[in-house]
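Please prepare a briefing on the model shown here, covering its fold, its overall dimensions and its aromatic contacts, with the cut-offs behind each term.

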Amino acid sequence: MMDFRTQVETAAGLVVFSFVRIYTSRGVIYFVSATGKEIRHHFHMQERAGTWRIVPAPKPPDWILQYEEQLAQAIKENHT
């Protein structure tokens, strides 16, 4: 079940990032799916030192990393 989603205009076109909150023994992690025309990527984001960061494994493509701050802001706006 998806918790929320955000749309980002990228060089590859409009990409929808869907976030699913997962509760773990180490805290909350978000499973993120990035979908768009011919785009399908999945990765995790975790809060570290007060900032939501992309977890390095599995590492998404480099072009997604440039939107990390924007994705972190989306989590802050929707995380309750």
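The protein chain has two helices and five strands, where helices (H or I, at least four residues) and strands (E, at least two) are DSSP runs numbered from the N terminus. Read from the N terminus on, the elements of the protein chain follow the order β-β-β-β-β-α-α. This is a predicted model, in which local features need pLDDT of at least 70 and side-chain atom pairs count only at pLDDT 80 or more, while totals for chains, interfaces and linings use all residues. Residues are numbered from 1 along each chain as its sequence is written, and side-chain values use heavy atoms, with hydrogens and water left out.

**Overall dimensions and surface**

- The radius of gyration of the protein chain, taken over C-alpha atoms, is 12 Å, which agrees with the value near 12 Å that a compact globule of 80 residues would have; the globule rule is 2.2 Å times the number of residues to the power 0.38.
- Along the principal axes, the C-alpha atoms of the protein chain fill a box of roughly 35 × 25 × 20 Å.
- Buried residues (under 20% relative accessible area, with a 1.4 Å probe and protein chains only) make up 40% of the 80 residues in the protein chain.
- The protein chain exposes about 5100 Å², of which carbon and sulfur atoms supply 50%; accessible areas come from the Shrake-Rupley method with a 1.4 Å probe.

**Contacts along the sequence**

- Among contacts (heavy atoms within 4.5 Å) in the protein chain between residues at least 6 apart in sequence, 27% join residues at least 24 apart.

**Aromatic pairs**

- The structure holds six aromatic pairs, a pair being rings of Phe, Tyr and Trp (its six-membered ring) whose centres lie within 6.5 Å, with planes under 30 degrees apart counted as stacked, over 60 as edge-to-face and the rest as tilted.
- One of these pairs joins Phe-19 and Tyr-30, whose ring centres are 6.2 Å apart and whose planes stand at 80°, so the pair is edge-to-face.
- That pair links distant parts of the chain, with Phe-19 in strand E2 (residues 13-24) and Tyr-30 in strand E3 (residues 27-36), eleven residues apart, and both Phe-19 and Tyr-30 are buried.
- Tyr-30 also forms an edge-to-face pair with Trp-52, at 5.3 Å centre to centre and 70° between the planes.
- This second pair links distant parts of the chain as well, running from Tyr-30 in strand E3 to Trp-52 in strand E5 (residues 51-54), 22 residues apart, and both Tyr-30 and Trp-52 are buried.
- Phe-4, Phe-19, Tyr-30 and Trp-52 form one aromatic cluster.

Note on methods: Buried means under 20% relative accessible area, exposed over 50%, partly exposed in between (1.4 Å probe, protein chains only).
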